[in-house]
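Subject: Handover of a structure

Dear colleague,

Please find below the sequence and structure that I am handing over to you.

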Amino acid sequence: MILRDMGEATVRAALSAVLGILLIAGCDCSQRFKYEIKEFQVPLDHFSFLINATFNIRYLYNDSFVDKSNARTPIFFYTGNEGDIELFAQNTGFLWEQAERQRALVIFAEHRYYGKSLPFGSSTFNTSLPEHLAYFTVEQTLEDYAMLITFLRNERQMPVVAFGGSYGGMLAAWFRMKYPHLVTGALAASAPVLQFPGITDCDIFYRIVTSVFQNAYNENCTLNIAKSWKLFETLGASEAGKKQISDAFHLCNALKTDDDLKKFLDYVEEVYSNLAMVNYPYNSSFLAPLPAYPVRQVCYYLKELHSTDADLLHAMSSALAVYTNYTQSAKCLDISVNSNADDSGWNIQSCNQMVMPICSNGSETMFRTSSWNFKDYAEKCYKNYRLTPKPYDIILRYGGRNLEAATNIIFSNGLLDPWSGGGVLQAPNDKVFVIILPEGAHHLDLRHSDPADPPSVRDARDKEAAIIARWIQDF
């Protein structure tokens, strides 16, 4: 859920985050987990002594595992990220499994400005009222969560373990850093806390995506994808060519203008990123209904090096349909909708604090060449939202690479996850735990246990469970 270039498709994922981003395989996810939906009143501005306005955030509550005789019941607290909180509750199976094991109270808190936790109701994102966006920050959100935990504890000494994936994982880590008196420990899965200017190369994301595709079937897959950009641009230069693309991909709205072509190319680029993130070993539906190891399925259609434009166009259409129409239920492809993630909110966050540069060296990846230009980025942010991004704000507040003072945080990263390039891969001290999943896609360890899970994922969950149990025991 992070912008490569404002106005273009977001790289997600989710997801927030994504970025994002977490599904249970082969299930009716609306029925797997039960909870009460509650609301909690929070100040609009936690840091003002003049503004007294309030609004409600939602949170999900389940005490079915709790030992009522235990005054120190653990609280397992999911730091909601960029989307409706119920989506994350139904797709974070590891938290639920460990809650049953530790007899914990389960809380999923919804991030302000997402889902139904909108401070200004239907006018929250009204572009003519940019002042409504002034309270959409990480700090305001963490303060919401701190107040909610204080309310739930009700002056009782209860260990709190924060859980989160992708942006939610970043929040979980920062929550522990900023509120160690409230948060006993945090599991930050696939949390790219180092994907900020001056810390991580902006091309690492697309290099990892390319590697995932290269290793899925054979190298012809990425060679065909790299060739396809020139084909699309050549066809898109004429009305007849735009129609040819529209027909081949069964677009709901035919390409008519150069801007339409740009949106199509951005959409296709984002699909590849999403596929790499959710390249899970079983069927899933988090970003879209997908088969097991969907990248392998995509590359199956691209295993032969196509020499003619017609063959390549047909192959690309078949490959993309793995993501866009795996169930074969869609009558046409709507490129304005890419996933279940909430891009509207994330685009705004990308224009205040969450400035996470993404670029591509076309000679080293299967993607189009794209540069990172902060000046252009900032201009588009101001044009769209009247916001001026602060690229170093998060580094100042949370330390960037300087994590030596952090304690009781698990940073887990799957090496098949494009966001792992911005993750913490080396522990700064013996109180921060780094767990690497060589076979893991985007926060696969946060998902529900499945027989198809690779050995490294099962091993990671065992290590995480042991560390969390120790935090609770030592509390």
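Predicted model: local features only at pLDDT ≥ 70, side-chain atom pairs only at ≥ 80, totals over all residues.

Residues are numbered from 1 along each chain as its sequence is written, and side-chain values use heavy atoms, with hydrogens and water left out.

Domains. The chain is divided into domain 1 (36–194 + 401–474) and domain 2 (200–391), with bounds that come from an automatic or database domain assignment. Their centres, taken over C-alpha atoms, are separated by 29 Å. Across the boundary, 39 residues of domain 1 are in contact (heavy atoms within 4.5 Å) with 30 residues of domain 2.

Cores. A nonpolar core is a set of buried Ala, Val, Leu, Ile, Met, Phe, Trp, Tyr and Cys residues joined through side-chain atoms within 4.5 Å; buried means under 20% relative accessible area (1.4 Å probe, protein chains only). The largest such core has 85 residues, and Phe163, Phe213, Phe249 and Tyr272 have the most contacts inside it. Helix α9 (residues 258–277) gives the most to this core, with 10 residues; helices here are DSSP runs of H or I with at least four residues, and strands are runs of E with at least two, numbered from the N terminus. Leaving aside neighbours within four places in sequence, Tyr272 touches Val209, Phe213, Ile225, Trp229, Met316, Leu320, Met366 and Phe367.

Cavity. A cavity is a set of points, on a 1 Å grid over the protein atoms alone, where a 1.4 Å probe fits but cannot get out; lining residues have an atom within 4 Å of a point. The lining of the largest cavity consists of Trp174, Val193, Phe196, Ile394, Ile395, Tyr398, Gly400 and Leu403. Helix α14 (residues 393–398) contributes the largest share of this lining, three residues.

Gly422. This residue lies in the loop between β9 (409–414) and β10 (432–437). Gly422 is buried, with a relative accessible area of 0%. Leaving aside neighbours within four places in sequence, Gly422 is in contact with Ala191, Pro192, Val193, Leu194, Gln195 and Thr200.

With kind regards

Methods
Buried < 20%, exposed > 50% of the residue type's maximum accessible area, 1.4 Å probe, protein only. 1 Å grid on protein atoms, 1.4 Å probe; cavity = no way out; pocket = protein on both sides within 12 Å on 5 of 7 lines; lining within 4 Å.
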